[in-house]
Amino acid sequence: MDRVCIVGAGFSGAVIANELACAGYECDVFEARAHVAGNCHTELDTATGVMVHAFGPHIFHTNNERVWKLVRRFGEFAPFTNRVKAIAGGRVFSLPINLLTLNQFFGKTFSPEQARTFLDSIGDHTIENPRSFEEQALRFVGKELYEAFFKGYTIKQWGVDPAELPASILKRLPIRFNYDDNYYDSKYQGMPVKGYTHIVAVLLDHRNIHVFLGSSMSRQDALAYGHTFCTGPLDDWFGYGEGRLSYRTLDFCPERHRGDYQGNPVINYCDGNVPWTRICEHKHFAPWDAHDETVIFKEYSRDCGEKDVPFYPVRLVQDKHILDCYLRRAREEAAVTFAGRLATYRYLDMDVAIEEALVAAEKFLVQDALARRKAS
């Protein structure tokens, strides 16, 4: 059997390893952390018994039937709808901004068409081609909604003024003209009953897969393999030779309480004078369980240091130049496939990362088979 190297035991690395192992390849998986599943890692809080999303909440949602079938092969999923609330100006609202949010905020009883007309009337139409996050928001939702829901939260989340961020970021925050408060509009939505770490562990539970936790893999050592799949940070792979790519990281400050702390899994804090971005109460991510006690995480966003866990790629102007240099080097790297959010420097939802991992594994299998035929 042939042996391949996989750097990283998150969803991307685990899916690739499972696909190749089932095709007869020996897979050595190296994970720098002491656990699998990357930032999707879940674990039981010993004090409360609550299943905690150690690096922030992950709600599985997808329109990809193939991916949905795959994850359910490796773990049971229960239905789960993410209904996010937001506190702005001392009041609680529903997110994403929907008809209820608009009627609450403006004290109206708009119909869907009336809300569309009103929102169009308060938008800044002097901005014809929005170039920044701020201009995009002012153009489409107006000053009041922008300052209430977006400005303070965005400054806390990204650490820069919204005028410095690209307009494309706001496209991920739709306005709904109905009372649908489901945060996602994906066809399939759910939460793994035993947690994400269980699913990744089952993916890696194959006789042809050998997992090495707490083990970093250098580029030099990895290139000794016939082929390597890198799912770790792209700049780290090349020894930061072109500079460091910018990320935002998160600090999680846990608190434990009796009873129910906030009555909802996620509440965003939009006001700039509140230092945290949101509070997540983890027992509400598993409503099928009952707990007398609860654990919450207050999330704080900041620039990612050398020893921090990278979460969100910043992708400002200087990052684009550095990224282009790394991408050029990656294309020239023989016998290495780069997959996953860190290795491609993109923000990827779990389902997209899994789909791209499947494609990467399939591409390798086809190319390897062709190379063997040609060699024989």
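Contact here means heavy atoms within 4.5 Å.

**View 1. The whole chain, a predicted model.** With contact taken that way, residues 24 or more positions apart account for 72% of the chain's contacts with a separation of 6 or more. There are 11 helices and 17 strands in the chain; helices (H or I, at least four residues) and strands (E, at least two) are DSSP runs, numbered from the N terminus. The radius of gyration is 22 Å, close to the 21 Å that the globule rule gives for 376 residues, so the chain is as compact as a globular protein of that length. That radius is taken over C-alpha atoms, and the rule is 2.2 Å times the number of residues to the power 0.38. Along the principal axes, the C-alpha atoms fill a box of roughly 75 × 50 × 35 Å.

A word on the model: residues are numbered from 1 along each chain as its sequence is written, and side-chain values use heavy atoms, with hydrogens and water left out. Since this is a prediction, local features need pLDDT of at least 70 and side-chain atom pairs count only at pLDDT 80 or more, while totals for chains, interfaces and linings use all residues.

**View 2. Helix H3 (residues 99-106) and its cover.** Look for Leu-99, Thr-101, Leu-102, Asn-103, Phe-105 and Phe-106, the buried residues of H3. Their cover includes strand E8 (91-95), helix H4 (112-122) and helix H5 (133-158).

**View 3. Strand E15 (residues 293-303) and its pairing with E12 and E14.** Two strands pair if DSSP finds at least two bridges between them. E15 runs antiparallel to strand E12 (residues 247-258), and 11 bridges join these two.

**View 4. Ser-218 in its loop.** Ser-218 sits in the loop between strand E10 (209-213) and helix H7 (219-222). At 34% relative accessibility, Ser-218 counts as partly exposed. Check out Val-7 too: 211 residues separate it from Ser-218 in sequence, yet C-alpha to C-alpha they are 9.1 Å apart in space.

Definitions and conventions: Buried < 20%, exposed > 50% of the residue type's maximum accessible area, 1.4 Å probe, protein only.
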